[in-house]
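Please keep the sequence and the model open while reading.

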Amino acid sequence: MYREAFASLFEINMGVTAGERILVFSDRVRSDEELSADEAARRQNLLFVAEEAGRYADASYGNACFASFPATAASGAEPPEVLWRAAFGDAAVNALAAGGLLARLLAKEATLEDLERARRIVLSSRDAAAQVVVALSNNSTSHTRFRHLVNAVGGRFASLPHFDPDMFFSSMRVDWRQLAERTRRVADAVNGATALRVETPNGTRMRFDKGGRVAKGDDGLLAAPGSFGNLPAGEVYLAPLEGTSEGIMVLEWGPTRRLDSPVELVVRAGAVVDVRGDDPLRAALERKFAESDRNRNIAELGIGTNDRATRPDNVLEAEKILGTIHIALGDNSGFGGTVQTPFHEDYVFYRPTLTLVSETGAETALLSNGSLLL
């Protein structure tokens with residue numbers, strides 16, 4: 001059933017050649033997770049399809065392996081040691097563990113000096129490292145030091161958090177070359193601005209300063225050494241300068257469902273200072289904020305560019321829908337920011353008007369009521 005989809009994934013998206021070291025991984029439902037029957041079935045199917053993808057890769061290209069582990073507590077948390085060993089080899093991980101460096105990496109407490117030491121260690125064992133990594137875990141590993149180090153040794157990394165295998169037959173069937181060109185145009189436009197302003201019909205009003213940060217495109221073409229992106233792909237993203245985002249975010253969708261009623265986040269000086277609303281998401285966010293003030297950080301502004309993406313009930317695809325924007329909280333250390341925390345969660349906003357503000361104060365609309373104006 002998935003043979004053609006796997007062929008497209010490994011050959012078009014990842015550019016795999018025979019003999020490359022390939023790692024496919026997924027996560028298992030923990031015993032303490034409380035899931036609906038539908039969500040439990042999706043998670044089990046995701047694990048099954050991930051294993052099938054690993055088998056396909058090994059049969060088609062050789063030198064592939066599959067790994068799984070109990071799901072982490074949240075997207076953005078570092079995966080466990082077993083995955084580090086599968087990706088980098090025992091020698092590198094043993095060296096990281098010496099002196100406690102691995103422990104600091106797993107706890108997201110590593111300093112920039114620690115990260116440089118880790119980079120040198122994994123580079124010294126790069127012959128044992130995976131060259132292609134396909135992350136079919138439910139929780140995202142995109143914003144982790146693990147992913148950063150895979151890229152540091154030249155590995156290509158595709159992250160598919162919350163993936164539903166049905167996406168192989170919808171948003172993964174986009175015209176990849178056309179998507180890449182559209183994504184490039186949007187990134188170029190954003191990089192010509194110094195600030196961005198977002199307004200949506202539901203009352204969201206936000207302003208972001210770039211502070212010299214560079215917006216990057218995720219176009220799903222990951223054949224170059226060190227490439228990283230989501231699949232399904234189709235977004236332009238940046239880390240706004242910390243301490244500068246201001247406004248109101250009105251959330252109507254969570255990562256996998258429409259909220260029972262909107263939740264309003266008040267943002268001041270780059271962080272959420274108040275949460276209002278009756279949906280259970282409010283309590284969930286307040287718990288995360290109680291764990292660390294870093295979880296309040298406005299981490300990302302993204303713009304969807306995939307014209308085959310349609311699903312609002314799965315954030316992996318929803319944030320790619322052409323004409324949407326998404327805003328994330330928490331960690332941004334993996335794509336140009338300075339905040340390290342084991343939490344990163346995106347929220348998608350529909351029918352936005354997105355205005356680019358130049359250094360001179362001139363304003364140009366990039367999106368108008370959800371329509372791309374390029």
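A crossover is right-handed if, with the strands pointing away from the viewer, the path from the first strand over the helix to the second runs clockwise. Helices (H or I, at least four residues) and strands (E, at least two) are DSSP runs, numbered from the N terminus. In this sense β3, helix α7 (residues 145-152) and β4 form a right-handed β-α-β unit.

The model is predicted: local features need pLDDT of at least 70 and side-chain atom pairs count only at pLDDT 80 or more, while totals for chains, interfaces and linings use all residues. Residues are numbered from 1 along each chain as its sequence is written, and side-chain values use heavy atoms, with hydrogens and water left out.

**The parallel strands**

Strands of a sheet pair through backbone hydrogen bonds, either parallel or antiparallel. Here two strands count as paired if DSSP finds at least two bridges between them. Strand β3 (residues 132-135) runs parallel to β4 and is joined to it by four bridges; within this pair, Val132 stands opposite Arg156. β4 is also joined to strand β8 (residues 228-230), again in parallel, by three bridges. The partner of Ser159 in β8 is Asn230.

Which way do the residues of β4 (residues 156-159) point? Arg156 and Ala158 point one way, Phe157 and Ser159 the other, and all are buried. Buried means under 20% relative accessible area, exposed over 50%, and partly exposed in between (1.4 Å probe, protein chains only).

**The antiparallel sheets**

Eight strands form an open sheet with antiparallel pairing, in the order β12-β11-β10-β6-β5-β16-β17-β18. Its edge strands, β12 (271-276) and β18 (371-372), each pair on one side only. Helix α8 (residues 176-191) packs on this sheet and touches β5, β16, β17 (363-368) and β18; contact means heavy atoms within 4.5 Å. The direction of α8 makes about 150 degrees with that of β17. Axes are lines fitted to C-alpha atoms, for helices over the stretch in contact, and angles run from 0 to 180 degrees between N-to-C directions.

A further open sheet has five strands in the order β7-β9-β13-β14-β15, with antiparallel pairing. β7 (216-218) and β15 (344-349) are the edge strands, each pairing on one side only. From one strand to the next, the twist averages 25 degrees. α8 lies across β7, β9 (235-238) and β13 (298-304), at about 30 degrees to β9.

| Strand | Partner | Bridges | Residues opposite each other |
|---|---|---|---|
| β5 (residues 195-199) | β16 (residues 353-357) | five bridges | Ala195 and Val357 |
| β14 (residues 325-330) | β15 | six bridges | His326 and Val348 |

**Two buried residues**

Leu83 is placed in helix α3 (residues 81-88). Leu83 counts as buried because its relative accessibility is 0%. Leaving aside neighbours within four places in sequence, Leu83 is in contact with Leu23, Phe25, Ala67, Phe69 and Phe146. Ser68 is 15 residues from Leu83 in sequence, with 7.7 Å between their C-alpha atoms.

Not counting residues up to four places away in sequence, Ser75 touches Asn139, Ser140, His162, Pro342, Phe343 and His344. A polar atom of the Ser75 side chain lies 3.0 Å from the backbone nitrogen of Ser140.

Terms used
A polar contact is a pair of N or O atoms within 3.5 Å; within protein, one must be able to donate a hydrogen and the other to accept it, and residues adjacent in sequence count only if both atoms are side-chain atoms.
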